[in-house]
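Here is a friendly note to read alongside the structure. Take a moment to turn the model around, then follow the points below.

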Amino acid sequence: MSNQAWSYPEVGGDLVNIVVSEEQIRQRLSEMAAEIDTDYAGEEILLVGVLKGAAMVMSDLMRHLRSDVSMDWMAVSSYGAGTKSSGVVRILKDLDTDLTGKHVLIVEDIIDSGLTLSWLIENLRSRGPASVEIATLLRKPEAAKVEVDVRYLGFDIANEFVVGYGLDYAERYRQLPFVAVLAPHVYGG
Ligand code: XMP
Ligand code: MG
């Protein structure tokens, strides 16, 4: 696949190839939403998005859902401006919602090492929810350092640094409607 859909010439050369297209994302999110609606039939769901990367997944996934949902956001940091997970997680913004008795569905953009999410799951479980599950658009199986039990998965991708559809490098490229591999020369790889 070419990256010709990307019409911003100043970054066009930074993208190697598209790994998940706009159409693939749209299709898969509607399938995931149907699974979620079936599994949570009759229950309220609290969608917990992880800022900022999950913003696009959240808005596109939730518009397919027919369940009774509300939404809250957390911001955590494990990366800084670099491309490697440190395993050190800081809460930059906590939830506004009391999780007691709630069915929590974490909505994520990508699981890389799994370190951020395994920390987050433990953190949220300690707040007395009825359940905590994970929906993620992307996962890099080869990068896993800890096992994370993902209930709803979009796509497994190769262990390359990707941007777009919410994912950034140094806060750029988030607006791409697809997921693309970032050329290593951009981050000095
Ligand atoms: P870990 O390694 O803890 O990382 O599972 C989770 C978070 O790291 C970010 N991440 C990426 N961001 N392209 C990005 O733009 C990537 O390829 C990538 N891999 C990990 C992301 O914020 C994720 O939530
Ligand atoms: Mg993220």
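1. Let us begin with helix 3, which covers residues 55-62: Met-56, Val-57, Met-58 and Leu-61 are buried there. Buried means that 20 or more other C-beta atoms, placed from the backbone, lie within 10 Å of the residue's own. Helices are DSSP runs of H or I with at least four residues, strands are runs of E with at least two, and both are numbered from the N terminus.

2. A word on the source: this is a predicted model, in which local features need pLDDT of at least 70, side-chain atom pairs count only at pLDDT 80 or more, and totals for chains, interfaces and linings use all residues. Residues are numbered from 1 along each chain as its sequence is written, while chains are lettered from A and ligands numbered from 1 in the order in which they are written.

3. Stepping back, the protein chain has four helices and nine strands, arranged along the sequence as α-β-α-β-α-β-β-β-α-β-β-β-β. Of its 189 residues, 30% are buried.

4. An open sheet of three strands has the order 1-9-8, with antiparallel pairing; strands pair if DSSP finds at least two bridges between them. Strand 1 (15-20) and strand 8 (162-163) are at the edges with a single partner strand each, so one side of each has no neighbour in the sheet.

5. Strand 1 and strand 9 (residues 179-182) run antiparallel and are joined by three bridges. Here Val-20 sits opposite Val-179 of strand 9.

Key. A residue is buried if 20 or more other C-beta atoms lie within 10 Å of its own, exposed if 12 or fewer, and partly exposed in between; C-beta atoms are placed from the backbone.
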